[in-house]
Amino acid sequence: MKRILLFLLFISLLTRSAYLFWGMPSLTNDEADLYTTSYVTAKTGSDQYNNSVFLTSGFLTAKPSIPIYFGTLPWFFTSQKSIFLARLPYALLNSITPLLFFLIIYLLTRNRLLALISFCVFNFSPWFSYLSATGYEAYMGLFFLFLSQLVLLTKLSRYKKYFLYTIATFLAFNSYMG
């Protein structure tokens with residue numbers, strides 16, 4: 001099972017990388033707002049309103065805090081601004097989402113073939129594969145939503161399961177405003 005998961009992770013990373021390297025060379029307004037707020041937060045320690053801890057922020061529209069905090073990661077290591085670096089953390093995180101979907105289907109059905117088919121349909125569908133290499137916050141919310149569902153399907157103790165489920169659903173809720 002570990003080999004299958006590693007292979008599927010490789011396929012998912014390859015799919016996101018293809019769109020990350022050869023995808024849209026420009027940004028949408030939502031992406032530019034998210035990336036700019038992330039850059040300002042990483043470089044100054046606060047958003048443009050001088051709030052160091054915030055639930056929403058953004059220049060053009062309100063953006064949820066979790067994607068902004070997550071988007072600060074590349075800017076701690078470099079000052080070079082590029083679309084590639086801005087999209088990189090989101091593409092890496094969204095590469096795990098099809099694996100979570102595979103595991104959920106597998107744990108629900110115990111059918112590897114059905115889980116593999118589900119992974120392929122989900123991973124290569126245009127609505128996910130192309131946009132998951134960008135910084136749209138809906139895909140980060142989807143990641144945490146799948147993570148919360150996977151936690152419920154695992155064999156953890158009841159208290160650990162509910163604690164992890166609560167954290168994952170909190171992160172899912174604060175990852176998407178829509």
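**Exercise 1.** In this predicted model, describe how helix H4 (residues 83-94) and helix H8 (residues 137-153) pack: at what angle, and how far apart are their axes?

*Solution.* Start with the geometry: the angle between H4 and H8 is about 35 degrees, and their axes lie 10 Å apart. Next, take the handedness: H4 passes H8 in a left-handed crossing. Then list the residues that touch. H4 contributes Tyr90, Leu93 and Asn94, while H8 contributes Tyr139, Met140 and Phe143. Finally, sort them by class: the contact of H4 with H8 has five nonpolar residues, one polar residue and no charged ones.

**Exercise 2.** Classify the aromatic pair of Tyr35 and Tyr90 as stacked, tilted or edge-to-face.

*Solution.* Begin with the distance: the ring centres are 6.0 Å apart, and the cut-off for a pair is within 6.5 Å. Now look at the planes, which stand at 35 degrees to each other. Stacked needs under 30 degrees and edge-to-face over 60, so the pair is tilted. Then place the partners: Tyr35 belongs to helix H2 (residues 29-44) and Tyr90 to helix H4, so the pair links distant parts of the chain, 55 residues apart. To finish, check accessibility: Tyr35 and Tyr90 are both buried.

**Exercise 3.** Look beyond that pair: how many aromatic pairs does the structure hold, and which residues do ring pairs link into a cluster?

*Solution.* Count first: there are 14 aromatic pairs in the structure. Then follow the links, which join Phe101, Phe122, Trp127, Phe128, Tyr139 and Phe146 into a cluster. Tyr139 is also one of the residues of H8 in the contact with H4.

**Exercise 4.** Over which ring does the charged end of Arg158 sit?

*Solution.* Find the charged end of Arg158, then the ring of Tyr159: the charged end sits over this ring, 5.4 Å from its centre.

Note on methods: Residues are numbered from 1 along each chain as its sequence is written. This is a predicted model: local features need pLDDT of at least 70, side-chain atom pairs count only at pLDDT 80 or more; totals for chains, interfaces and linings use all residues. Side-chain values use heavy atoms; hydrogens and water are left out. Axes are lines fitted to C-alpha atoms, for helices over the stretch in contact, and angles run from 0 to 180 degrees between N-to-C directions. Helices (H or I, at least four residues) and strands (E, at least two) are DSSP runs, numbered from the N terminus. A crossing is left-handed if the near helix is turned anticlockwise from the far one by less than a right angle, and right-handed if clockwise. Contact means heavy atoms within 4.5 Å. Ala, Val, Leu, Ile, Met, Phe, Trp, Tyr, Cys and Pro count as nonpolar, Asp, Glu, Lys and Arg as charged, and the others, Gly among them, as polar. Buried means under 20% relative accessible area, exposed over 50%, partly exposed in between (1.4 Å probe, protein chains only). A charge sits over a ring if NZ of Lys or CZ of Arg is within 6 Å of the ring centre and within 35 degrees of the ring normal.
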